[in-house]
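Thanks for coming, everyone. Please look at the sequence and the structure on the screen, and I will walk you through the packing.

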Amino acid sequence: MNNKIRELRKINNVTQEDLASVVGVTRQTIISLENGKYNASLQLAYKIAKYFNTTIEEIFVFEED
């Protein structure tokens, strides 16, 4: 699943460590999300969307296989 986490972090001047701390995961999880190697749980997706004051759909791009 593609996402716009990296772009949102850069626009808002937020580090991976900062985002990880706020949403309660490790920096490695944020790295994996940004690289498309890990899909966020609904709860984590919601926390990230809330942090960036946007919707889950604006951050995560679901593409059917």
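Start with the largest nonpolar core. This is a predicted model, and in it that core has 15 residues. Four of them have the most contacts inside the core: Ile 5, Leu 19, Ile 48 and Ile 59. Where do the core residues come from? Helix H1 (5-11), helix H2 (16-23), helix H3 (27-34) and helix H4 (42-51) each supply at least two. H4 gives the largest share, four residues. As background, nonpolar side chains tend to be buried together in soluble globular proteins.

Stay with Ile 48 for a moment. What does Ile 48 touch, if we skip residues up to four places away in sequence? The list is Ile 5, Val 23, Leu 33, Ile 59 and Phe 60.

Now helix H2. Its buried residues are Gln 16, Leu 19, Ala 20 and Val 23. Look down the axis of H2, and these buried residues fall within an arc of 100°, so they line one face of the helix. The face turned away from that buried side carries Ser 21 and Val 22, which are exposed. And what do the buried residues of H2 pack against? H1, H3 and H4. Just after H2 comes Gly 24, with a positive phi of about 80°.

Next, how H2 meets H4. Two packed helices are described by the angle between their axes and the distance between the axes. For H2 and H4, the angle is about 120° and the axes are 10 Å apart. Their crossing is right-handed. From H2, the contact uses Leu 19, Val 22 and Val 23. From H4, Leu 44, Lys 47, Ile 48 and Tyr 51 take part. Notice two names coming back. Leu 19 and Ile 48 are also among the residues with the most contacts inside the core.

On to helix H3. Here Thr 29, Ile 30, Leu 33 and Glu 34 are buried. They cover an arc of only 135° around the axis, which puts them on the same side of H3. What covers them? The cover includes strand S1 (2-3), H1, H2 and H4. Just after H3, Gly 36 takes a positive phi of about 75°.

Glu 34 leads us to Arg 6. Arg 6 lies in helix H1. Set aside the neighbours within four places in sequence, and Arg 6 is in contact with Glu 34 and Asn 35. One more distance for this residue. Arg 6 and Asn 53 are 47 residues apart in sequence, and their C-alpha atoms are 15 Å apart in space.

Last, the aromatics. How many aromatic pairs does the structure hold? One. The partners are Tyr 51 and Phe 52, with ring centres 5.0 Å apart. Their planes stand at 80°, so the pair is edge-to-face. The two partners also have their own accessibility values. Tyr 51 has a relative accessible area of 33%, so it is partly exposed. Phe 52 has 11%, so it is buried. Remember that Tyr 51 is also part of the contact between H2 and H4.

Over to you for questions.

Note on methods:
Residues are numbered from 1 along each chain as its sequence is written. This is a predicted model: local features need pLDDT of at least 70, side-chain atom pairs count only at pLDDT 80 or more; totals for chains, interfaces and linings use all residues. Side-chain values use heavy atoms; hydrogens and water are left out. A nonpolar core is a set of buried Ala, Val, Leu, Ile, Met, Phe, Trp, Tyr and Cys residues joined through side-chain atoms within 4.5 Å. Buried means under 20% relative accessible area, exposed over 50%, partly exposed in between (1.4 Å probe, protein chains only). Contact means heavy atoms within 4.5 Å. The arc is that of the directions from the helix axis to the C-beta atoms. Rings of Phe, Tyr and Trp (its six-membered ring) pair if their centres lie within 6.5 Å; planes under 30 degrees apart count as stacked, over 60 as edge-to-face and the rest as tilted. Axes are lines fitted to C-alpha atoms, for helices over the stretch in contact, and angles run from 0 to 180 degrees between N-to-C directions. A crossing is left-handed if the near helix is turned anticlockwise from the far one by less than a right angle, and right-handed if clockwise.
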